[in-house]
Amino acid sequence: MQQPSSLLIALNDLPPKGKDIVCEEQSLWQKGLDEFAMDVRITHALKAVVTLTPLPEGCLIRGHLSGQVAMPCRRCAEEISFPIAWDFEDFENLDRNSAEQEEITLDEESLIFLDHDRPMLDLGALLWEELLLALPDNPLCKVDCLGICPVCGNNRNSNPCTCADKKTDPRMDIFRTLKIKK
Ligand SMILES: [Zn+2]
Ligand SMILES: [Zn+2]
C-alpha cells in the first residue's frame with residue numbers, strides 16, 4: 001500500500017549525527033485510511049517521534065508511533081479502541097546503481113529515491129507503513145467474542161439466542177426457504 005508522499009526528507013541536509021523529527025500531521029495517516037477505505041478511526045491523535053541517522057549506504061530510521069485508533073471487532077463488528085505504542089527501526093537502502101537508471105524499477109522496495117541526484121527519504125510513506133504494522137491483525141472486542149449469530153443476526157455477546165441449539169440438517173434448508181404457494 002503506497003500513498004502519495006507528503007513528507008520528504010533530503011538526506012544530504014541531515015546533520016551527520018542525525019536529526020530528530022516529530023510528526024503530528026494527521027493527514028499523513030488519514031489520507032491512507034481514506035484512500036484504502038479502511039475501517040480504522042483515529043480516536044487519539046497519532047504522533048511519531050523519529051530519529052534519522054544518515055549512513056553512507058542509506059538512512060537509519062528509529063522511531064515510536066503513539067496514539068489511539070478504533071476498529072470494528074472482526075466477529076461482532078462492535079467498535080473497539082486500541083492504543084498504539086509502536087517502536088520501529090528501519091534501514092532504508094540508497095541503491096546507488098539506480099542513479100544510472102532512467103526508471104526506478106517497480107520492485108524497488110527502498111523508500112529512498114533520487115530527485116535530481118539528491119537522495120530523498122519518503123518519510124510519509126514509511127510512517128504510513130508503520131501504522132499498518134502497528135494495527136492489530138485480528139481485532140477482537142474480547143478473546144471469546146461470540147460474534148453475530150448467522151441465523152438471527154443478534155450480537156451473541158449481548159443478546160444470547162438459542163439458534164445454535166436448534167440442530168438442524170443443513171440439507172433441509174432448501175425446504176425452509178421455499179414459499180408454499182396457496
Ligand atoms: Zn466482538
Ligand atoms: Zn440466533
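Select β4 and β5 first: these strands form a hairpin with six residues between them, and A77 in the turn has a positive phi of about 70 degrees. Strands here are DSSP runs (E, at least two residues) and helices likewise (H or I, at least four), numbered from the N terminus. The model is predicted, so that local features need pLDDT of at least 70 and side-chain atom pairs count only at pLDDT 80 or more, while totals for chains, interfaces and linings use all residues. Residues are numbered from 1 along each chain as its sequence is written.

Next, display β5 (residues 79-93) beside β4: the two pair in the antiparallel sense over 15 bridges, pairing being assigned if DSSP finds at least two bridges. Within this pair, Q68 stands opposite P83 of β5.

Move on to β3, which runs antiparallel to β4 and is joined to it by twelve bridges. A hairpin of two residues links β3 to β4, and V49 faces H64 in β4.

Now select A45, in strand β3. A45 counts as exposed because it has 12 C-beta neighbours inside 10 Å (exposed: 12 or fewer; buried: 20 or more; partly exposed: in between; C-beta atoms placed from the backbone). Leaving aside neighbours within four places in sequence, A45 is in contact (C-beta atoms within 7 Å) with E24, Q26 and G67.

Finally, select the largest nonpolar core, of 20 residues; such a core is a set of buried Ala, Val, Leu, Ile, Met, Phe, Trp, Tyr and Cys residues joined through C-beta atoms within 7 Å. Helix α2 (123-134) is among its suppliers and gives the most, with six residues.

Notes
Chains are lettered from A and ligands numbered from 1 in the order in which they are written. Two residues are in contact if their C-beta atoms, placed from the backbone, lie within 7 Å.
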